[in-house]
Amino acid sequence: MKKNDENSLRKIIKEYNLKPKKKLGQNFLHDKNIISSIINKANVKGEDIIEIGPGPGILTESILINKARSLLVIEKDNSFKVNLKKIKSNYKDNFDYLIDDVINFDFKKLTKKEYKFVSNLPYNISVPFILKMIKIRRTIPWKEMILMVQKEVAERITADIGTKNYGRLSIMVNLNNDVKKLLNVKPSSFIPRPKVNSTVIKISPKNKYININNEVFEKIVKICFSQRRKKVKNNLDQLNINTISLLELSNIDPNIRAENIDIQGFIRISNNYENLIKENYEDF
Ligand code: SAM
């Protein structure tokens, strides 16, 4: 069965003369069991879907066969245009494609639908893509993201407080979202085989949005983790403010490390820092 899946993907690669490009993270998924699991978990029926990086289009066609209401795909590599055109000729009413770089793509251009994102993401853009999407969610509301990422990235995103993987990425993503690991995928499910394992994750916005100054929050988290082994007070000293009183106000022990501060703790530090800065400006 697996061999058949692999052969049908090889046929498409040959038919369209597609040569997998490493720099675009082109590891194509051929394992139909994994594709079915992704489609089931994403519950695509009746949904407006955006797929990033359709490539040869096997996941793409599966989304359409499983009755998504609409599917828009964004692909950077122009050489997939021929097969995407062919898919469009079979699904004129509910499929479209854009040849574009998703990292620079302005999602404001799209009509206001509440999209679900489904993607076997290229490894090199998975973190910038996720950070971009969580940043724009206030203006471009999306419903859910089902994403295949490198296993190590999934572990950083879902890391528990106090562990070595807990850091900026875990905090930024979990501030306003819930994240679940759905399934692990072995290199043998792809052509060509990547050197790393992969994990499919689901990112869903939390019901209550924490309205915080994102720039300040990001800056605080970055500084607190600038040297993981250092006490949080010593890292925050870079800010040239009274760090002891900032941490006291935020109910954080100055002697602990950033990896032992939960998201609520970072929110308190960030809000108090913002207020301190405002007060200082008002004194002038
Ligand atoms: N969806 C296909 C599959 O599952 O077999 C291909 C997945 S492959 C891991 C990643 C795809 O993303 C490739 O088709 C690649 O060309 C495309 N890609 C890479 N960088 C991109 C970017 N910045 N914007 C949009 N697509 C990109």
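**Cavities, sheet and a buried residue**

Reply: In this predicted model, the second largest cavity has a volume of about 60 Å³.

Me: How many cavities of 30 Å³ or more does the whole structure hold, and about how much space lies in the largest cavity?

Reply: A search that covers the whole structure returns two cavities of 30 Å³ or more. The space within the largest cavity comes to about 130 Å³.

Me: Which helix gives the largest share of the lining of the largest cavity?

Reply: The lining of the largest cavity includes L131, I134, K135, M172, Y209, N214 and E218, and its residues divide into five nonpolar, three polar and three charged. Two helices, α5 (126-136) and α8 (214-224), each supply at least two residues of that lining. The largest share, three residues, comes from α5.

Me: Turning to the sheet, which strands are its edge strands?

Reply: The open sheet has seven strands with mixed pairing, in the order β4-β3-β2-β5-β6-β9-β7. An edge strand here pairs on one side only, and the strands that do so are β4 (95-99) and β7 (177-185).

Me: What angle does the direction of helix α4 make with that of β4?

Reply: From one strand of the sheet to the next, the twist averages 20 degrees. Helix α4 (residues 81-90) packs on this sheet and touches both β3 and β4, and its direction makes with that of β4 an angle of about 160 degrees.

Me: Which residue in β3 is the bridge partner of D48?

Reply: Strand β2 (residues 48-52) pairs with strand β3 (residues 70-75) in the parallel sense, over five bridges. Within this pairing, the bridge partner that D48 has in β3 is S70.

Me: Is I191 buried or exposed?

Reply: I191 is found in strand β8 (residues 190-191), and, leaving aside residues up to four places away in sequence, I191 touches E6, L9, R10, I13, Q26, N27, F28 and H30. Its relative accessibility is 7%, and because the cut-off for this class is under 20%, I191 counts as buried.

How values were computed
Residues are numbered from 1 along each chain as its sequence is written. This is a predicted model: local features need pLDDT of at least 70, side-chain atom pairs count only at pLDDT 80 or more; totals for chains, interfaces and linings use all residues. Side-chain values use heavy atoms; hydrogens and water are left out. Two strands pair if DSSP finds at least two bridges between them. Helices (H or I, at least four residues) and strands (E, at least two) are DSSP runs, numbered from the N terminus. Axes are lines fitted to C-alpha atoms, for helices over the stretch in contact, and angles run from 0 to 180 degrees between N-to-C directions. Contact means heavy atoms within 4.5 Å. Buried means under 20% relative accessible area, exposed over 50%, partly exposed in between (1.4 Å probe, protein chains only). On a 1 Å grid over the protein atoms alone, a cavity is a set of points where a 1.4 Å probe fits but cannot get out, and a pocket is an open set with protein on both sides within 12 Å along at least five of seven lines; lining residues have an atom within 4 Å of a point. Grid points are joined across faces, edges and corners, and a volume is the space filled by probe spheres set on the points. Ala, Val, Leu, Ile, Met, Phe, Trp, Tyr, Cys and Pro count as nonpolar, Asp, Glu, Lys and Arg as charged, and the others, Gly among them, as polar.
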